[in-house]
Amino acid sequence: MACYGKIFATIFVVLNLKTFVEGAPQVPCYFIFGDSLLDNGNNNDLNTTAKANYPPYGVDFQDGRPTGRFTNGRNTADFLAEYLGFDHYIPPYASVKDSEMLKGVNYASGSAGIRNDSGSHLGDRIYLGRQLENHQATIFRIANLVGNTTSAKKHLNKCLFIVGIGSNDYINNYLMPEIYPSSHLYTPTQYATALIDQYSQHLRTLYEDGARKVALFGLGKIGCIPAELQKHNTRSCVSSTNNAIQQFNSKLKSLVDDLNTNFPDAKFTYINMYSISSIIGPLSVFTRPCCNVLETMPEGQCVPGETPCFLRGIYLFYDNFHPTEIANRIATNRAYNALLPSDAYPMDIHHLIRTNNVVYDE
């Protein structure tokens, strides 16, 4: 208990600190790949029900307007931008200007997965393969700004890249046997292996495109999200779901070792969101969402226009799938500056960005 007390005390101190860091950013650029946990507007104009550009999403974000973030305020990508010292949030690919690209782009898309078909029943989404295609288009635009592709990739060598994806390959694929065949074709172990194999190829592409400092966010306790609890009519976490998630995370951690061995001029690290979500600090409401949620498509997202809970600072979940701003802040702080050795492997983001830069060789 003494250990956890110190952790909670540290969390409270951190939450009261000014988050924007004065001076130059700790890295010159920061690129984001992922799903709705990181999306900041890329789905707004897509033909999909997986979008959050309506109230009560965004009620605590700056001027209180929805932006496409699937939470009441800032998400993990935003808080990490603050910790890194940026004086702005990284813009979404959907609206980024050429002049902004040198400092980073957010490619994340709600309902996106590692597999191309994950989330397809919700409509369009920018799955990981398409996000990498968008990144290659960004490299072309950066090359035009800095002179050539070699110079563009030398610039990218200095950037931080984060990837947080895989949740929809379970929530909106493997755990929906009535729509997707994956659970009929694979055991949980086989499915995790297939996902990691495909993920590995995408990460190799990211490396070839100049990424040298990459943080891979593992999956949280999906068996504990309100959507899973409601589906199984329980108030306790669904162990079968969490067991499947742990198999994915274990293989992702091993993949980090393989990538660091095969690409010694780069550094990959694993952020253990499963472990981080086990200690949730001052939060006290874990099994139900802060906002009233839809019972029809998009099931589990906030009912448009309805007022959310007043005490948002004690809720873990904003809707049936996504964390509140304070939960995002606690988790991001531990990803950036690990409080426990299990939070990150082999290093947290604070140490990752301090590894030696390696220039790109054509």
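**Exercise 1. Find which residues K103 touches, leaving out those up to four places away in sequence, and then place K103 in the chain.**

Solution. Start with the contacts: K103 touches P28, C29, Y30, F86, H88 and I90. This is a predicted model, so treat each contact as part of a prediction.

Next, locate the residue. K103 sits in the loop that runs between α3 (98-101) and α4 (128-146).

Then ask how open K103 is. Its relative accessibility is 43%. Buried means under 20% and exposed means over 50%, so K103 counts as partly exposed.

K103 and T189 are 86 residues apart along the chain, and their C-alpha atoms are separated by 39 Å.

**Exercise 2. Decide whether H202 is buried or exposed, and list its contacts beyond four places in sequence.**

Solution. Begin with the element: H202 belongs to helix α8. The relative accessible area of H202 is 15%, and because buried means under 20%, H202 is buried. Now look around the side chain's neighbourhood: setting aside residues within four places in sequence, H202 is in contact with I114, L128, G129 and L132.

**Exercise 3. Describe the largest nonpolar core and the surroundings of F248.**

First, the core itself. It holds 56 residues, and F31, Y170, Y199, L216 and F248 have the most contacts inside it. Helix α8 (residues 188-208) gives the most to this core, contributing 8 residues.

Third, look for another core. A second, separate one has 30 residues, including V27, Y83, A108 and I349.

**Exercise 4. Work out how much space lies in the second largest pocket and what lines it.**

Solution. The space in the second largest pocket comes to about 260 Å³. It is lined by 13 residues, of which F61, R65, R69, Y89 and P92 are the closest to its centre. Sorted by class, the lining has 6 nonpolar, 4 polar and 3 charged residues.

Terms used:
Residues are numbered from 1 along each chain as its sequence is written. This is a predicted model: local features need pLDDT of at least 70, side-chain atom pairs count only at pLDDT 80 or more; totals for chains, interfaces and linings use all residues. Side-chain values use heavy atoms; hydrogens and water are left out. On a 1 Å grid over the protein atoms alone, a cavity is a set of points where a 1.4 Å probe fits but cannot get out, and a pocket is an open set with protein on both sides within 12 Å along at least five of seven lines; lining residues have an atom within 4 Å of a point. Grid points are joined across faces, edges and corners, and a volume is the space filled by probe spheres set on the points. Ala, Val, Leu, Ile, Met, Phe, Trp, Tyr, Cys and Pro count as nonpolar, Asp, Glu, Lys and Arg as charged, and the others, Gly among them, as polar. A nonpolar core is a set of buried Ala, Val, Leu, Ile, Met, Phe, Trp, Tyr and Cys residues joined through side-chain atoms within 4.5 Å. Buried means under 20% relative accessible area, exposed over 50%, partly exposed in between (1.4 Å probe, protein chains only). Helices (H or I, at least four residues) and strands (E, at least two) are DSSP runs, numbered from the N terminus. Contact means heavy atoms within 4.5 Å.
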